[in-house]
Every structure is written in structure tokens, then in C-alpha cells.
Amino acid sequence: MITVFGILLMAMIAISAVKAITTTKLIDSVLFFSFVGIGATILFALMKAPDVALTEAAVGTGLVTLVFLSTLRRTSEQEHGDEQ
Amino acid sequence: MNLSLETVLPAFSLMLILLGLWGVATRKNLIKIFISLSIAETGVNLLYISMTGFVHGKVPILADPTVTSGYVDPLPHAMILTSIVIGTAVTALGLALTARYHERTGTLNVTKMKELKN
Amino acid sequence: MSSKLGKKRLFISPMHLLWAIVFGGLFFAILPAISGHESIRSERVGESLLVQAPAQSGAPNAVTAVVVWFRGLDTLGEVSVLFLVAAALGMILGRGKNSTEPESKPNEIVAHAKTLVLPHFMLTGLYITIHGHLTPGGGFQGGVMAAGMALLLILAGDRVKHLHALHFLEGLVGSLYALVAISGIWFAGSFLGNLIPIKTEAFGTLFSAGIIPVLYIFIGIKVGTEIISIYDNFQRREEA
């Protein structure tokens, strides 16, 4: 049961990672990257590492997404992410 | 071949690392490059945690100081805890330099950077 | 813009796929040697850490015992790296004036909910920091959660007014960490030695782990203040 759940989660993370790298809009890219972080958090919790899961949830997902969004706001005056 | 999490996770981590490296190599936007780098870092973290023998172990919080068997290996947890925090710091520093570069030149495209070419 | 740069380079050549397959094969060939599934379980470092952690540090959470007790010097270095990043961000981004009013009106829901959510952020961060040796979590996680309170206030339109007080608190706590670590040389015989005696009969209670909760409170305050200053630097605007 946990194996099936974990494999479904890994598929979700893989799709999110591919979308985060290949999508054209930068804001979508940042949100897909935060999906990768959330999935990794659940995987860490499944792997009996609650300390790492807490750190990934607070630092690796929340803070990094905030910093990416702040950078996007600072840099989005003239140019939008049309480069892939 | 038995399909358990312990056998699938190293392959999955390797896939995430290679995906991130591919993104670093082929993307042209600086923010995309940092996102790819963070994805590769997540893959490395998952690879380390997948080596703790978590299928038959318990969470390493001891209830009784005399019973110390049957827990997962706590050493990779402590290393990855450090790694996540340092990775966040590195990403924040890189993004600050990116924002500053964009204020100077107005572009985020790495193919248009001509400052170090002569 | 992309038309000038030519066609998209997506998947370039079959050679790259071949290299990926070769790399994957090498990876899986050396993976058993790295992960140590073949080594005897009692010879692994983690097993002896699990044996020594409760007796030496008094902390039930073995991860906390490794991070703060066995690798306390590393944690001091890690906090120093965070401090360096915060200082560098102040140099890179801090040129602009810190505008007191936000350029857009903050969200109504955020502005009204902040007083309701704020004590919960603080309490959760404090609990996770203090109980770092008993439950999952610790200074890093609790510090970031308590700093989330300040990030919420910044999102709701407030600004950090006493930046000097923030930097003073950060420096004070860092100095206290180093002071406690060095005073362990005199009073306990080693760097980061246990000044406060461990109560082995009260294993698993709040005041049983010596200096680990004290150090984790220092780490929590330091990480929290550094994250507030990093995020505040990202919010500064360049003067036009």
C-alpha cells in the first residue's frame, strides 16, 4: 500500500520536475518547483525521517519559493520569461 | 524483482539529478537554471535518505536508552539537514546576484551575457 | 527574441542519452558499496551513534544528538555560512532605500488575518525549538517557522523598522553560542562540553539533555533573524 502510494508520488514529482524545467512561464515554473518540494517532503516522511521532512517543508519548500517569487517580482518589470 | 520503495528510490533520485543537470545545461533563463539546480539538489537529498534502511527500521527517537537496535541510521538525516539549509542559502545568494544583474543590464538570458567576452 | 536565437535545443543527440545510460549503469554498479547494505549492521557508524547518543548527550532524538552534540562545531560553521549569506545579500541588494509603504495595497484577507495567525506562528516555532531533543524538529525548523511570522507581516504591508536591533540580536546570539562552546573547555574539559549535567534518570523529559536545548534556542533565534534580514533585503527597491 505504501509502495503504491510512494510510486504514485514519485510519478507526480517527476511530472512536476519536467514541467518546472520545460514550461515557458516563469511563475508556472516556480509553482511546479514547489510541488517537487512538497512531494519530496511526503517522501521524506514515508522514509521515516521526520526531521528532514520538517526542514524540507519549512526551509526547502516555503522559504525557497518565497525567495524565487521575490526575485520574479524584482525582475519582471521589462522582460517576462519567454526563454525556455 | 520485488518492487519496494528501497529499490525504486535510487533510480528515481538518479533521474531527478540527471533531469536537473540537463536543465542547468540547456536552459537559457537564469531563474530556470537555479530551479534546475534545486531539483538536482532534491534528488541528492532523496538518494542519501534512501540509504538508511528505512523499510525495517523505526524513526530514530529512542524511547528507552538501553534498547538501541531496530532504528534507522540517523547519520544521513543529520547530513541532509545541513545540506538543505546550505542549499537554500546558496540559492538565495545566486538569486540576489541574478536580480542585481537584471537591474544593471535588463536581461536574464545567459546567451546574451557579453561581459566576460573580449 | 527566441526566433533570433534560432530553433529550440531540446533533446540534442542520441549520444547524450547514451552517456546518461552509461552513467546510470556505473551508478547502479557502485550503489551497493556506497549504501552499505552488505556491511554488517553493527559495524556501521549509525549503530554506534545510536548506542552512544543517549548516554553522552541525553537526547532521545538521535538526529538532534548528532547535529548539536557530536557535530556542534559543524553547526556553528553552518550558522556562520547563513550569516555570511545574509551579510552578502545586504551588500548586493541593500543599496536601495527601504520604502516604508508598499507599492501595491496588501491583500485584505492577509491584513486582517495577521493578528489572528501571528501568535500561532510564534508558539509553534517556540515549541519546536525547545523540544528539539525530544520530538522531530529543532532550531532550524522552529526558527524558520517563527520567522514566518515576520514574513507574513512584511507581506501584509509592514516593514522592519528597527533593523539595527535585529542585527544586534543576531550578533549577540552568535557570540553567546561561541561563548558557551568555549567555556566548555574550562568547565567541562572539551569544546562544546556539557556545562549542565545530564540527568539520566529523567531521560526523555525537557530538562534532561544538558546544553542541547540552550544551543538550539540560540540557533533558532539566529536562523530566524537571518531569514528576516534576507527576506527584507529582497524587498528593497532600487531608487530610480
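Between chain A and chain B of this predicted model, six residue pairs are in polar contact, with both partners at pLDDT 80 or more. On the chain A side, three helices each supply at least two of the residues that touch chain B: α1 (2-22), α2 (26-46) and α3 (50-75). Helix α3(A) gives the largest share of that side, 15 residues. Sorted by class, the side of chain A that touches chain B holds 27 nonpolar, 13 polar and six charged residues.

One salt bridge is found across the interface of chain A and chain B. Its partners are A:Arg74 and B:Glu103, whose closest N and O atoms lie 2.5 Å apart. The pair meets the criterion because the distance between a side-chain nitrogen of Arg and a carboxyl oxygen of Glu has to be within 4 Å, and here the closest N and O atoms are 2.5 Å apart.

In terms of residues, the contact draws 46 from chain A and 49 from chain B. The area buried between the two chains is about 4200 Å², and carbon and sulfur atoms account for 75% of this area. Three residues of chain A stand out here: A:Ile21, A:Met47 and A:Lys48 supply 18% of the area that chain A buries against chain B, more than any other three residues.

Chain B itself consists of 118 residues. Its secondary structure comprises three helices and zero strands, which gives the pattern α-α-α when read along the sequence. Of the residues of chain B, 58% count as buried. Contacts in chain B between residues at least 6 apart in sequence join, in 59% of cases, residues at least 24 apart.

The mean pLDDT of chain B is 88, and 97% of the residues score at least 70. Among the elements of chain B, helix α1 (residues 5-26) has the lowest mean pLDDT, 89, while helix α2 (residues 30-49) has the highest, 93.

A last stop is in chain C, at C:Ile109, a residue of helix α5 (residues 108-130) of that chain. Is C:Ile109 buried or exposed? C:Ile109 is exposed, because its relative accessible area is 63% and the exposed class begins over 50%. In sequence, C:Ile109 and C:Ala156 are 47 residues apart, and in space their C-alpha atoms are separated by 9.0 Å.

Technical notes
Residues numbered from 1 in each chain as written. Chains lettered and ligands numbered in written order. Heavy atoms only, no water. Helix = DSSP H or I, 4+ residues; strand = E, 2+ residues; numbered from the N terminus. Buried < 20%, exposed > 50% of the residue type's maximum accessible area, 1.4 Å probe, protein only. Contact = heavy atoms within 4.5 Å. Buried area = accessible area lost by both parts, 1.4 Å probe. Polar contact = N/O pair within 3.5 Å; in protein donor to acceptor, adjacent residues only side chain to side chain. Nonpolar A, V, L, I, M, F, W, Y, C, P; charged D, E, K, R; others polar. pLDDT = per-residue confidence, 0-100.
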